[in-house]
Amino acid sequence: MVDSTEVPEVSWAGMVEWLTGSLVDQPVALIVEIGPNSYVSEDDDEEVVCAQIQILADGVLMLRRSRVELGHLLLADYSAEHLTLDRWHFDGHFEDCTDGYLFSRDVNLIANTCVAWFRDNWGTRSTSELGCSYRFPDELIPSIDADDVF
């Protein structure tokens, strides 16, 4: 993944722990992407196994898995009020999401599902083959620090 940070060299269980910790107390709209650290997005013909986690409202996370590079969603709403939680969806709602998606408040379920995707389904040899990138939401009106002078 271009412009990514390498996932720390840890065991698979350590990666679940690292990912779980990375998803706690994060802002709504944060996107965490994980994929091969050697992937370059210009290789459009190449299959690339990737996962994307996005923070929604009310402590809900969305995990999307794919064999093509996932785009950044322009969600109209981050509300989780009417979402079905803890059930794998295969309905093709997202064009670039080839292997389904899951909504859940269970951070461990999201982290374990994400790690299993690479470890079990795609035979990634170790966490050192993976990269990670974070995309934080933009703020329209930045918070004002008490020390700011106008």
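Buried means under 20% relative accessible area, exposed means over 50%, and partly exposed lies in between, with a 1.4 Å probe and protein chains only. Keep that in mind for what follows.

This is a predicted model, where local features need pLDDT of at least 70, side-chain atom pairs count only at pLDDT 80 or more, and totals for chains, interfaces and linings use all residues. Residues are numbered from 1 along each chain as its sequence is written, and side-chain values use heavy atoms, with hydrogens and water left out.

Salt bridges, then. Side chains of opposite charge can pair when their charged atoms come close. The cut-off here is a side-chain nitrogen of Lys or Arg within 4 Å of a carboxyl oxygen of Asp or Glu. How many salt bridges does the structure hold? There are 3.

Take Arg67 and Asp99. Their side chains meet at 2.7 Å, N to O. The two residues sit 32 residues apart, both in the loop between β4 (61-66) and β5 (101-104), and the pair links distant parts of the chain. Strands are DSSP runs of E, at least two residues, and helices are runs of H or I, at least four; both are numbered from the N terminus. Is Asp99 buried or exposed? Asp99 has 14% relative accessibility, so it counts as buried. Arg67 is partly exposed, at 26%.

Next, Arg119 and Asp120. Their closest N and O atoms are 2.7 Å apart. Asp120 is exposed at 52%. Arg119 is partly exposed at 32%.

Then Arg125 with Glu129. Here the closest N and O atoms are 3.0 Å apart. Arg125 is exposed at 71%, while Glu129 is partly exposed at 25%.

Now the strands. β4 and β5 pair in the antiparallel sense, over 4 bridges. Pairing requires at least two DSSP bridges between two strands. Leu63 stands opposite Leu102 in β5. In a regular strand the side chains alternate between the two faces of the sheet. On β5, both faces are covered: Tyr101 and Phe103 are buried on one side, Leu102 and Ser104 on the other.

That brings us to the rings. The structure holds 3 aromatic pairs. Why is the pair of Tyr101 and Phe103 edge-to-face? Their planes stand at 75 degrees, with ring centres 5.6 Å apart, so the pair is edge-to-face. The rule covers rings of Phe, Tyr and Trp (its six-membered ring) with centres within 6.5 Å; planes under 30 degrees apart are stacked, over 60 edge-to-face, the rest tilted. Tyr101 is at 5% and Phe103 at 8%.

Tyr134 and Phe136 are stacked, 6.2 Å centre to centre with 15 degrees between the planes. Tyr134 is partly exposed at 32%. Phe136 is partly exposed at 46%.
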